[in-house]
Amino acid sequence: MATSISRLFERNLRSSNMHNVRLFSSQTPQHQQQQQQQQSEFDDEEEFRVLNLRTIKQQARRREFKKEAVQPPRTGRMAVDQDWTAVWSGPRSFHPASVPLPLRQGFTERGAAAPSKYANAELMKIPNFLHLTPPAVRQQCEAIKKFCTPWPKGLENETKWKRHFPVEVVTTDYCHSLPTIRHPDARRVSLTLKLSDLQFDTHAKDKFLRLVGERYNQETDTLTFVTDRCPTRKQNYDYAMYLLTACYHESFVKEPWEDSKSEADMEVYFFERNQSKLSAEAILNWNGKGEKVAPSAEYATSVEQLINEGENEYNIAKYKEEVLKMLKIAA
């Protein structure tokens, strides 16, 4: 009780700044020590705390980065007689420190040298063929030679193998830089053969030429099928072979209405089926009483060429020559 009264009295004295008042108590030194300890705790609780709104930034210790020493380029340590296939074994982007060649590429002002190979983005844009050097190609050919078979006998020159393999297939591979590895034109297949390598009769040949249309070149006697509508090369090759097979077998099919065609319905002129044959026979046999004489095959061919191909200097001269020969008139 006395302790509480003393605290209240001291608080009032502190508030009124009356520090010259002296308190007397009949307590023992032990009680006074406890009272002082409690007073110090009370003072600590009543102490005014300062609100610090500014944060103190602690300066972090800067981290020191040590740069490693740049090694000299590899080209300075390369031997002259090194194995290049071990250095550049496959297709990869250009690396200046691995190529011991003073390559330059890029556009500069007039009179200035092109940029060197170091930090040259132009050399890294395009694909290179440093992995296809002659020693590398020779080494790869030696490696795959054990998987090859000897060249068949009887196909030593072009004339022989074209007789056994008349169909020629041409495809193209492209080296390009696109998001896809498949070039759009790499799927195109060109199939070529001579029309003389196919066996036709008169009706089948005429119908076959009508089916193929402009794919046949009369000057070179070459038939060409070009296919690119399918997405892959293998599909276009199969489609080209299908077109050739279908056109060939369809040309031998004879429809019933074809037998009823008259001479006016024929697309080409045939000497054997026209009045000109009868006129030529009448001229040759007008005074003959024995065996009838037929016009020669050369005369028939000249007449067909003159009418089918049109009048030109060669056809007219050929027709004149055959007429004089048929009539036995000296030129």
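Start with Ser-98. Leaving out residues up to four places away in sequence, Ser-98 touches Arg-74, Thr-75, Met-78, Trp-84, Val-87 and Trp-88; contact means heavy atoms within 4.5 Å. This is a predicted model, where local features need pLDDT of at least 70, side-chain atom pairs count only at pLDDT 80 or more, and totals for chains, interfaces and linings use all residues. Residues are numbered from 1 along each chain as its sequence is written, and side-chain values use heavy atoms, with hydrogens and water left out.

Stay on Ser-98. It sits in the loop between α3 (84-87) and α4 (121-125). Helices (H or I, at least four residues) and strands (E, at least two) are DSSP runs, numbered from the N terminus. Is Ser-98 buried or exposed? Ser-98 is buried, with a relative accessible area of 6%. The scale is this: buried is under 20% relative accessible area, exposed is over 50%, and partly exposed is in between (1.4 Å probe, protein chains only).

Now select Trp-88 and Arg-92. The charged end of Arg-92 sits over the ring of Trp-88, 4.4 Å from the ring centre. That label needs NZ of Lys or CZ of Arg within 6 Å of the ring centre and within 35 degrees of the ring normal.

**Aromatic stop**

Select Phe-200, Phe-208, Tyr-248 and Phe-252. These residues form one aromatic cluster. Rings of Phe, Tyr and Trp (its six-membered ring) pair if their centres lie within 6.5 Å; planes under 30 degrees apart are stacked, over 60 edge-to-face, and the rest tilted. The count by this rule is eight aromatic pairs. One of them is Phe-200 with Phe-252, a stacked pair at 6.0 Å centre to centre and 15 degrees between the planes. Phe-200 lies in the loop between β2 (189-194) and α7 (202-212), and Phe-252 in the loop between α8 (233-250) and α9 (275-284), so the pair ties together parts 52 residues apart in sequence. Phe-200 is partly exposed at 21% relative accessibility. Phe-252 is partly exposed too, at 37%.

**Helix α9**

Select Ser-276, found in helix α9. Beyond its neighbours within four places in sequence, Ser-276 is in contact with Tyr-269 and Phe-271.

**Salt bridges**

A salt bridge is a side-chain nitrogen of Lys or Arg within 4 Å of a carboxyl oxygen of Asp or Glu. How many salt bridges are there by this rule? The count is ten.

Select Lys-160 and Glu-156. Their closest N and O atoms are 3.5 Å apart. Lys-160 is partly exposed at 30%, and Glu-156 is exposed at 52%.

Next, select Lys-318 and Glu-322. Their salt bridge has its closest N and O atoms 3.6 Å apart. Both residues lie in helix α11 (residues 313-327), four residues apart, about one turn of the helix. Lys-318 is partly exposed at 26%, whereas Glu-322 is buried at 2%. Elsewhere, salt bridges that share partners join Asp-185, Arg-188 and Asp-228 into one network.

Zoom in on Arg-188 and Asp-228. Here the closest N and O atoms are 3.7 Å apart. Arg-188 lies in the loop between β1 (168-170) and β2, and Asp-228 in the loop between β4 (222-227) and α8, so this pair ties together parts 40 residues apart in sequence.
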